[in-house]
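Have the structure open while you read.

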Amino acid sequence: MTFLLILALRLIRGGISNPTDWIINHLLMMPAILVGLSLHEFGHAFVSDKLGDPTPRSQGRVTIDPRAHVDPMGLICLLFAGFGWGNPVQVNPSYYKHRRRDEALVAIAGVTMNLLIALTSTLITKAILELAPDSFLYSTAGGVVVDMLRYLISINIVLMVFNLLPVPPLDGFNLITQIFNLSQYSWYRELYSKGGLILLLIILLGGTSYILSPAVNFFYGIAIKILNM
């Protein structure tokens, strides 16, 4: 039902006006989506594992293999609606030595991976644009490579900013929960249990665009400045 609502909204807004262009763009986008989602979840698993929690490793999540991290519905939503998610990494905070600090580190690990991917992709793109011969840059292969790298930059910026929203169950909410110890309040569990519905309503009503667009444009603007330096 969620997917049907998103697809209907997308069609009403004219988001798939040219099916051929949509297919080509999304084929070029797919590697960036898989990399962004997989390494985001790997970041959570890796940090939790290093902090002493055996759960991610026992479930085969300390890997960059997309098959361990990609959620089919999350992938479809990202393709059709511009937002999505991976298969959440399960952790057991009881293993952490400094619970609030370590939970905050695990929460921030995913978006940190997206930031590093976006930065690395920007530097690689800059190197290609400056060092590659014109015969490659203006070829079909060169155009595909550059387009895929640009998607790596933009999609990982979007994933980073989206996951930093202070709405449960996103990483941003988990981070401020540990910083301000929100779990001590009586309303916390009820808010968290309804977080998915709240987030879905915000997305369907277009509320995230007021926050996402300025932040994404800010970080993408930095990437463009690096490319043009």
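Which residues in H7 meet which residues in H11?

## H7 against H11

Before the answer, one caveat: this is a predicted model. On the H7 side (H7 runs 140-163), the residues are Arg 150, Ile 153, Ser 154, Ile 157, Val 158, Met 160, Val 161 and Phe 162. They meet Leu 212, Ala 215, Val 216, Phe 219, Tyr 220, Ala 223, Ile 224 and Leu 227 in H11. Sort that contact by class and you get 14 nonpolar, 1 polar and 1 charged residues.

As for geometry, two packed helices are described by the angle between their axes and the distance between the axes. The axes of H7 and H11 come within 9 Å and cross at roughly 145°. The crossing, with H7 passing H11, is right-handed.

## H5 and its two partners

H5 covers residues 99-131, and its axis comes within 9 Å of the axis of H11 (residues 207-228), with a crossing of roughly 25°. Angles under 35 degrees count as roughly parallel, so H5 is roughly parallel to H11. H5 passes H11 in a right-handed crossing. From H5, the contact takes Leu 119, Thr 122, Leu 123, Thr 125 and Lys 126; from H11, it takes Ala 223, Ile 226 and Leu 227. By class, the residues of this contact are 5 nonpolar, 2 polar and 1 charged. Ala 223 and Leu 227 also turn up in the contact of H7 with H11.

How do H5 and H8 pack, and at what angle? Their axes are 9 Å apart, and the angle is about 155°, which means that H5 is roughly antiparallel to H8. This crossing is left-handed. In H5 you'll find Arg 100, Glu 103, Ala 104, Ala 107, Ile 108 and Val 111, which meet Asp 171, Asn 174, Leu 175, Gln 178, Ile 179 and Phe 180 in H8. The tally for the contact of H5 with H8 is 7 nonpolar, 2 polar and 3 charged residues.

## The largest pocket

The largest pocket has a volume of about 1000 Å³. Its lining has 36 residues, and those closest to the centre are Pro 169, Leu 170, Asp 171, Asn 174 and Tyr 192.

Which helices each supply at least two residues of the lining? They are H2 (19-50), H5, H7, H8 (171-180), H9 (188-193) and H10 (195-204). H5 gives the largest share, 5 residues. Overall the lining divides into 19 nonpolar, 11 polar and 6 charged residues.

Most residues other than glycine have a negative phi, and most peptide bonds are trans. Two spots here are worth a look with that in mind.

Start with Pro 168 and Pro 169: a cis peptide bond joins them, with omega about 5°. Pro 169 sits in the loop between H7 and H8, and Pro 169 is also among the residues closest to the centre of the largest pocket.

The other spot is Asn 181, where phi is near 50°, a positive value in a residue other than glycine. You'll find Asn 181 in the loop between H8 and H9.

Key:
Residues numbered from 1 in each chain as written. Predicted model: local features only at pLDDT ≥ 70, side-chain atom pairs only at ≥ 80, totals over all residues. Heavy atoms only, no water. Axes fitted to C-alpha atoms, helices over the stretch in contact; angles between N-to-C directions. Helix = DSSP H or I, 4+ residues; strand = E, 2+ residues; numbered from the N terminus. Parallel < 35°, antiparallel > 145°, perpendicular 65-115°, else oblique. Left-handed = near helix turned anticlockwise from the far one by under 90°. Contact = heavy atoms within 4.5 Å. Nonpolar A, V, L, I, M, F, W, Y, C, P; charged D, E, K, R; others polar. 1 Å grid on protein atoms, 1.4 Å probe; cavity = no way out; pocket = protein on both sides within 12 Å on 5 of 7 lines; lining within 4 Å. Points joined across faces, edges and corners; volume = space filled by probe spheres on them.
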